[in-house]
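Subject: Structure handover

Hello,

Here is the structure I said I would pass on. My notes on it come after the coordinates.

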Amino acid sequence: AAVLPAEDARFAAMIAADGAGLRRWLADGLAYVHSTGRVDGKDQLIGAIAAGKLRYLASEPLERRVIPLAANVALVLGLGHFQATAGDARLHATLRYLAAYVKESGDWRLVGWQSLRVESK
């Protein structure tokens with residue numbers, strides 16, 4: 001469960017558009033698959049958030065299950081409500097997601113994210 005505080009800090013950095021914070025919580029080899037199917041790497045995701053092209057407004061985890069794979073690798077299977085804007089498009093959705101984390105230099109960093117929209121509970 002030590003990975004969940006890192007996930008919470010990453011969500012907070014995304015909402016705050018904190019580029020330096022995001023650099024801490026995102027792994028260099030990040031593959032971030034948005035619910036639209038678009039894929040961003042670390043620099044692309046941070047750049048879009050820092051420039052305001054992509055704004056995360058809120059995240060509310062509803063359920064999360066940590067699946068440890070090794071001492072330095074864990075998955076989080078989650079469900080949550082998310083609000084974001086990308087240009088003129090607005091997202092207010094419940095997403096099921098799979099997040100992959102690696103522990104590097106003492107921090108859990110996101111290396112993979114994939115989400116899809118689901119019906120609200």
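The notes below cover the sheet, the helices, the aromatic rings, the core and one lysine.

This is a predicted model, in which local features need pLDDT of at least 70 and side-chain atom pairs count only at pLDDT 80 or more, while totals for chains, interfaces and linings use all residues. Residues are numbered from 1 along each chain as its sequence is written, and side-chain values use heavy atoms, with hydrogens and water left out.

Sheet. Helices (H or I, at least four residues) and strands (E, at least two) are DSSP runs, numbered from the N terminus. Two strands pair if DSSP finds at least two bridges between them. Six strands make an open sheet in the order β2-β1-β6-β5-β4-β3, and the pairing is mixed. The edges are β2 (39–40) and β3 (54–70); each has a single partner strand, so one side of each has no neighbour in the sheet.

β1 and β6 run parallel and are joined by four bridges, with Ala31 partnered by Gly112 in β6. β1 and β2 run antiparallel and are joined by two bridges, with Val33 opposite Val39 in β2. The hairpin of β1 and β2 has five residues between the strands, and Gly37 there takes a positive phi near 100 degrees. β5 (residues 89–104) and β6 (residues 107–118) are antiparallel over 11 bridges; Lys103 stands opposite Trp108 in β6.

Helices. Contact means heavy atoms within 4.5 Å. Axes are lines fitted to C-alpha atoms, for helices over the stretch in contact, and angles run from 0 to 180 degrees between N-to-C directions. Helix α1 (residues 3–15) lies across β1 (26–33), β3, β4 (73–86), β5 and β6, at about 165 degrees to β3. Helix α3 (residues 42–50) lies across β1, β2 and β3, at about 75 degrees to β1.

Aromatic rings. Rings of Phe, Tyr and Trp (its six-membered ring) pair if their centres lie within 6.5 Å; planes under 30 degrees apart count as stacked, over 60 as edge-to-face and the rest as tilted. The structure has seven such pairs. Phe11 and Tyr97 are edge-to-face, at 6.3 Å centre to centre and 90 degrees between the planes. Phe11 is in helix α1 and Tyr97 in strand β5, so this pair ties together parts 86 residues apart in sequence. Buried means under 20% relative accessible area, exposed over 50%, partly exposed in between (1.4 Å probe, protein chains only). Phe11 is buried at 6%, and Tyr97 is buried at 2%. Tyr97 also pairs with Trp113: the centres are 4.4 Å apart and the planes at 20 degrees, so the pair is stacked. Trp113 is buried at 4%. Phe11, Tyr32, Phe82, Tyr97 and Trp113 form one aromatic cluster.

Core. A nonpolar core is a set of buried Ala, Val, Leu, Ile, Met, Phe, Trp, Tyr and Cys residues joined through side-chain atoms within 4.5 Å. The largest has 30 residues, of which Tyr32, Leu45, Leu110 and Trp113 touch the most other members. At least two residues of this core come from each of α1, α2 (19–25), β1, α3, β3, β4, β5 and β6.

Lys42. This residue is in helix α3 and is buried, with a relative accessible area of 10%. A polar atom of the Lys42 side chain lies 3.1 Å from the backbone oxygen of Leu26. Not counting residues up to four places away in sequence, Lys42 touches Arg23, Leu26, Ala27, Asp28 and Leu30.

Regards

Methods:
A polar contact is a pair of N or O atoms within 3.5 Å; within protein, one must be able to donate a hydrogen and the other to accept it, and residues adjacent in sequence count only if both atoms are side-chain atoms.
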